Structures are given as C-alpha cells and as structure tokens.
Amino acid sequence: MFGPFKGVVLISLLQEPSTKRSKPVSRVTSLASLLPPVKTAPLKRIGQTLQRPSPTPPPPMTATRVSTAAAPAAKRRDSKLWSETFDVRLGATQPLSPKEIKRQEAIFELAQGEQDLVEDLKLAKKAYHDPMLKLSIMTEQELNQIFGTLDSLIPLHEDLLSRLRDARKPDGSTENVGHILTDWLPCLSAYTPYCSNQVKAKPLLDQKKQDRRVQDFLQRCLQSPFSRKLDLWNFLDIPRSRLVKYPLLLREILKHTPNDHPDRQHLDEAVLMVQSVVADINRRTGESECQYYKDRLLYTEDGQKDELIDQSRTLSCHGELKNNRGLKLHVFLFQDVLVITRSVSLNDQPVSYQLCRQPIPIRQLDLEDLSDGEMRVGGSIRGAFSNNERTKNFFRVSFRTGGQLQSHCFQASDAFNKQQWINCIRQAKEAAALTGNQLPETGQCLETGLGGQIGPLGGTALSLRGDSGIEDEKGMLPQAFLCNFHLIPHT
C-alpha cells in the first residue's frame, strides 16, 4: 500500500571484487570515505503476519536501467517473532492465551517495522544523499527534489519507536498502545508533502540515471550488501509503503484485542484516525500527480486544448499502448477525458507528452473489446507480406464529433493490461454517467473490477504493485494510492 541493513563499514562494501577491473583510485576512495559506518540491529520483515512474499515487479516504463545485467533478487531481512523475545521468568504467572500471544505479536511487528523504517531512512541519507552531494554527482537542488522532505520523517518515526519501547514491560509484553497511537497519528500529516513530491522526484531520478557518474554511483551501491539489492527509488518509496500499511497493522492489533480490554476504545479510535489520514494524503497525492502530467502535456494546436483536461483533478490511469500500425503512444485516462499522446524528450528535461489526437470526452466515448485475430497489423513489412497477419490484445475507442466518427484501435502489451484498460474505461464511463454534468469529488477514484476497494466509488482494488514491489497480505496494494496507477507492460 510505498530497507534495512546489517551493521557494516561501508568502505569495504564499495570496493570492487578482485576479479573486476579497478576503477580510478580517486573516485573509489573519495566515495568510500564519505560513507560512515551504519550501526543497526538485525532487521525483520515489515508485516511478518500481514504480508506474503511477492515476486520482483516489472520495471516502470520510464525507468532507466543502470546496468544491462539483471540485478539479483532483493535480500530480505531476518525475521523475529515477539515470542522469541518474551522472558517467561518475568512474565505473568498465568499462561498467555493464544489470542493474547497474537496481539503481542502484532504490537511487536508494529514496533519492529518502525525500527526498520528509521534505519532505512538514515541509510538513504548517509549512503546516497550525502555522498552524492559531497562528490557533486548531483546538485543540491536536484537532490532536494529527489529526496524531498525525507529528513523530516526520521524524528517522526523515532518518536513513535521510543514511545512503543517505553510502553514495553520488562518481560517484553505491552499492555496498551492505543493511547500512544491516537496521540501520534496526527503527525503523519508530514507525509503529504513527501508523497506529493514523489510525483516529480521519480521522473527526475530516471532522467539523472542517464548521467554516467550517477549510473556508476548507484550501481556500486546496488552491488554492495548494505543495499540488499534495492535501488535508490526502493528506499525513497519505503515511507509511502509503510504509510499505507498502518491501517492493516492497527486492524491486526484490534482484531486480537478483547472487547473488554482497556485498550479497545483507543484502538477503535486509532483505526478510524489512520484511515482518515491516509485517505487525505492519498487525495492530495492524486491531485499532485494529475497536475504534474497536465503540466507535461504539449499541444500542437489550440483546438486540442480541452476544458475537461483543465478541470480534471484525478488521473485514473496512464501507460503505453500501440496503435494498429505499431506506433507507441502514451494514453492518459483523466476523470472525464481520454488523452492520446506521444512521449517526447526535450533537452535535459523530464519526458513530456505531445497530444497527437483530439481529446475524447468519456461521456461520448464508445468502447469495444476486440477479439484476438480481429485486428490486422498495417503499415509494416510484416503486414505487407502477410495480409492474414492477425494480432492480439486490441480494443477500440471511438466517438462522434461534428458529424464525423473518430476511431482509435489500441494494442496492450498482454491480455492482463488490456483488461486493466477496459475495466478502467468502463468504470470511468459509469462514474461519468452517475455524476451527470457535475465533476466528481476531488480525489474520487474508480473501481477496476479486480477485487478490493478504491476510493468512494470502489468495490474493488488493483492487483498492481508500486515501484517498491510491496504488497499487502492479499497480494494487492493497500487502498491508498491505488486510484492513480501506471499500467506497466510485462517484459
């Protein structure tokens, strides 16, 4: 819904293995000398009982790969259960019930996740931000844009971790945490600027990865044990991933808390609070993402400008599709309009999107799911030699304007992505029909028909994962941040 490290001296970690050609000594030495030792306790998985392991996600379409060689799978932290820390000699005289043991495990998981997060945030600053600044690999302005307000999150989570530790009794058990959470949860409002900034940070980081010095630095970090084979963006996205897990973590504690327990009332309140906070951050982040892509649109003629684009406050989905001639397009589904563009790179700026067709109002759009083999490939050598050439994963959108029919055939990368697009467009049409001439509420999202819930209209959730690859216990992203997803082709 959004990694730890062992205690090591990073000087030795950034040295190349003896079998590889040595890099210039000045570069390696200066880089290593700027990375201080990191002290940490053994790390645990976030969500021992709430999250199942997930496969490595496909790379985002706009990501620039640092190396052509595939990176090894990310290493996981060592797991530790509360029962392994409980001292029965100092515990209660009466055996703990199975329900109470599960409650203690859930509380322990919450505290352990805070420790892991604090360590990760400090690592991102000490092993990435500070060295790149001192070595002038990136400018201070670029680093501020990429890392955003990450520094402000460290004391916030150190505070919660300290409170949870203080509440722990000598035997390792914790009686009450609800009052701690209700007092601390309002601090999560600090996530609003951080998550909103990520919308701009990701494209800038992808752009900077094309610089050879940035590539070299990030590749060395990726190959070092402290990174656990996670790249920089994985670390920057960990706070968001942690944020959307709080509702799951708190509900798990509440689930194992008896109705007559003194902590029950505070936990009920905490669950409602965290859901409200996350929903508000989700809404604001969605608005920021929508505005970012609206600002990246390039109009070749005034007739392409549409007030429905200007009025849009949410972006339902966007991603790469091909037309029936094999031309790659980048299509945006805003709340009330479908926009067809081509991605263009201008100098050293992040990718922009040039409109190549008239925007299509959702209310006037007709959608048709084309069967495999119904569409032929045109405009290619392959198509010229074989009139019987047929393709898969096509769908068609069309609408009438000025008495003329405008039709577009799109090909998705596979059947899964095709169904995602069809579901989203259908839900957008349903939402447009429900709202009539009124715009949906800010932050309103659409259900996709894939199981789970998204936003006020939802009854379902996307089985897509964010760039960090972290899922919830059902193998799906948590409710927050799901309304604005990027359809990524499977490669």
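How many salt bridges does the count come to in this chain? The count comes to 21 salt bridges. I will get to several of them. Bear in mind that this is a predicted model.

Let's start with the overall picture. The chain has 491 residues, and 52% of them count as buried. Its secondary structure comprises 14 helices and twelve strands.

Now to helix 3. It runs over residues 98-134. How far apart are its end C-alpha atoms? They are 53 Å apart. With 37 residues at 1.5 Å a residue, the helix should span 54 Å, so the two values agree. Helix 3 also bends, by about 30 degrees, and the bend is at Lys125.

Arg103 pairs with Glu100, and their closest N and O atoms are 3.9 Å apart. Both residues sit in helix 3, three residues apart, which is about one turn of the helix. Arg103 and Glu100 are both buried.

What comes just after helix 3? There we find Ser136, with a positive phi of about 55 degrees. Ser136 is not a glycine, yet its phi is positive. It belongs to the loop between helix 3 and helix 4. Ser136 counts as exposed because its relative accessible area is 53%, and the cut-off is over 50%.

Next, helix 7, residues 191-208. Two salt bridges to look at here. Take Lys208 to begin with. Its side chain meets that of Glu142 in a salt bridge, 3.2 Å from N to O. Lys208 is in helix 7 and Glu142 is in helix 4 (residues 140-147), so this pair ties together parts that are 66 residues apart in sequence. Lys208 is itself buried, at a relative accessible area of 12%. The other pair is Asp206 with Lys202. Their closest N and O atoms are 3.0 Å apart. These two residues are four apart in helix 7, so about one helical turn separates them. Are they buried or exposed? Both Asp206 and Lys202 are buried.

Side chains of opposite charge can pair when their charged atoms come close. Salt bridges can also join up into a network. Here, Asp280, Arg283, Arg284 and Glu287 are linked in one.

On to the strands. Strand 2 covers residues 315-322. Six of its eight residues are buried, so strand 2 is largely enclosed by the rest of the structure. Which way do strand 2 and strand 3 run? They run antiparallel, and seven bridges join them. Strand 3 spans residues 328-334. To see the pairing, find Leu321: opposite it stands Leu329 in strand 3. The two strands form a hairpin with five residues between them. In that hairpin, Gly326 has a positive phi near 85 degrees.

Strand 4 is residues 337-344, and Val339 is in it. Val339 has 0% relative accessibility, so it counts as buried.

One more positive phi. Asn393 has a phi near 65 degrees, positive in a residue other than glycine. Where does Asn393 lie? It lies in the loop between strand 9 (390-391) and strand 10 (394-401). Ser136 is exposed, at 53%, whereas Asn393 is buried, with a relative accessible area of 14%.

Last topic: the cysteines. A disulfide is a covalent bond between the sulfur atoms of two cysteines. How many disulfides does a search of the whole structure find? It finds zero. Cys195 has 1% relative accessibility, so it counts as buried. Cys356 has 17%, which is under the 20% cut-off, so Cys356 counts as buried too.

Strand 2 and strand 3 are joined by seven bridges. And the salt bridge count comes to 21.

Key
Residues are numbered from 1 along each chain as its sequence is written. This is a predicted model: local features need pLDDT of at least 70, side-chain atom pairs count only at pLDDT 80 or more; totals for chains, interfaces and linings use all residues. Side-chain values use heavy atoms; hydrogens and water are left out. The expected span of a helix is 1.5 Å times one less than its number of residues. The bend at a residue is the angle between axes fitted to the seven residues ending there and the seven starting there. Buried means under 20% relative accessible area, exposed over 50%, partly exposed in between (1.4 Å probe, protein chains only). Two strands pair if DSSP finds at least two bridges between them. A disulfide is a pair of cysteine sulfur atoms within 2.5 Å. A salt bridge is a side-chain nitrogen of Lys or Arg within 4 Å of a carboxyl oxygen of Asp or Glu.
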